[in-house]
Amino acid sequence: MPKREDFERNRWIAPIAHRVLSPELWRFTRRSVPRGVALGLFAGFIVPVGQIFLAAFLAMPARANVSIAALVTFVTNPFTLPFWVVVANRVGRFMLHVDPTGVASAVGAGWGASGWETFVWFARSAALTTIGFVVLSIVTSALGYVVSGVLWRSWIGRKRRARRERHAARTRAIRESQGCETAA
């Protein structure tokens with residue numbers, strides 16, 4: 001595994017190494033994790049290929065956690081992409097108020113129709129899907145930011161409560177042991 005110094009000496013990374021290797025981009029904090037989730041979801045839905053690189057580059061100026069941003073982009077992977085294409089197409093149809101029966105009749109007409117009509121049908125479907133992916137990227141990134149922030153706060157809250165309970169139990173045990181020693 002390459003070390004930090006190896007990255008700093010790499011001629012491709014050297015011009016931006018001070019920014020890429022900044023510790024704030026790799027820490028898990030209450031601000032950087034939700035930002036990383038939001039940017040990862042945005043990049044995952046907005047770009048079907050190369051989304052990890054886009055998420056990493058977007059994470060740098062946003063001071064988001066790079067590893068979380070890269071990991072969350074896997075929500076759109078080769079296995080889930082057909083599902084998301086269908087969802088994006090339906091979201092695009094809903095946003096533009098396109099009648100699904102009109103699209104279905106155009107599909108039926110497209111098989112026996114000329115090549116130009118088939119191309120127009122395909123372009124229309126691609127436009128609907130693209131609009132759907134843009135909407136999905138914005139909505140899921142906003143939801144991901146809020147949900148990950150709430151989950152982060154509850155996780156940290158549980159850790160703090162457990163720490164307080166352990167401290168209280170230790171304090172009680174110490175007081176009891178001191179009380180027993182003075183009574184004896």
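**Close-up views of a predicted model**

**View 1. The lining of the largest pocket is made up of 14 nonpolar residues, with no polar and no charged ones.** The model shown here and in the other views is predicted. The volume of this largest pocket is about 350 Å³. Val20, Trp26, Ala56, Met60 and Val66 are the closest to the pocket centre among the 14 lining residues. Two helices, α4 (51-62) and α5 (66-72), each provide at least two residues of the lining. The largest share comes from α4, which gives five residues. As background, empty space left between atoms can be found by rolling a probe the size of a water molecule over them.

**View 2. The largest nonpolar core holds 12 residues.** Its members are Ala17, Val20, Leu21, Leu25, Leu39, Ala43, Ala55, Ala59, Met60, Ala64, Val66 and Ala69. At least two residues of this core come from each of α2 (17-20), α3 (32-46), α4 and α5. The helix that gives the most is α4, with three residues. Another core, of eight residues, lies apart from this one and includes Val37, Ala88, Phe133 and Leu136.

View 3. When neighbours within four places in sequence are left aside, Ala43 is in contact with Gln51, Leu54, Ala55 and Thr73.

**View 4. Arg63 sits in the loop between α4 and α5.** Most residues other than glycine have a negative phi. Arg63 is not a glycine, yet its phi is positive, at about 55°.

**View 5. Four spans carry the UniProt label "transmembrane region".** The record, an unreviewed entry, lists residues 37-60, 66-87, 94-113 and 133-156 under this label. In the predicted model, residues 133-156 are 100% helix and 0% strand. The end C-alpha atoms of residues 133-156 are 33 Å apart. Residues 66-87 are 64% helix and 0% strand. For residues 66-87, the distance between the end C-alpha atoms is 27 Å.

Technical notes. Residues numbered from 1 in each chain as written. Predicted model: local features only at pLDDT ≥ 70, side-chain atom pairs only at ≥ 80, totals over all residues. Heavy atoms only, no water. UniProt positions renumbered as here; feature names shortened; annotations may be inferred. Helix = DSSP H or I, 4+ residues; strand = E, 2+ residues; numbered from the N terminus. 1 Å grid on protein atoms, 1.4 Å probe; cavity = no way out; pocket = protein on both sides within 12 Å on 5 of 7 lines; lining within 4 Å. Points joined across faces, edges and corners; volume = space filled by probe spheres on them. Nonpolar A, V, L, I, M, F, W, Y, C, P; charged D, E, K, R; others polar. Core = buried A, V, L, I, M, F, W, Y, C linked by side-chain atoms within 4.5 Å. Buried < 20%, exposed > 50% of the residue type's maximum accessible area, 1.4 Å probe, protein only. Contact = heavy atoms within 4.5 Å.
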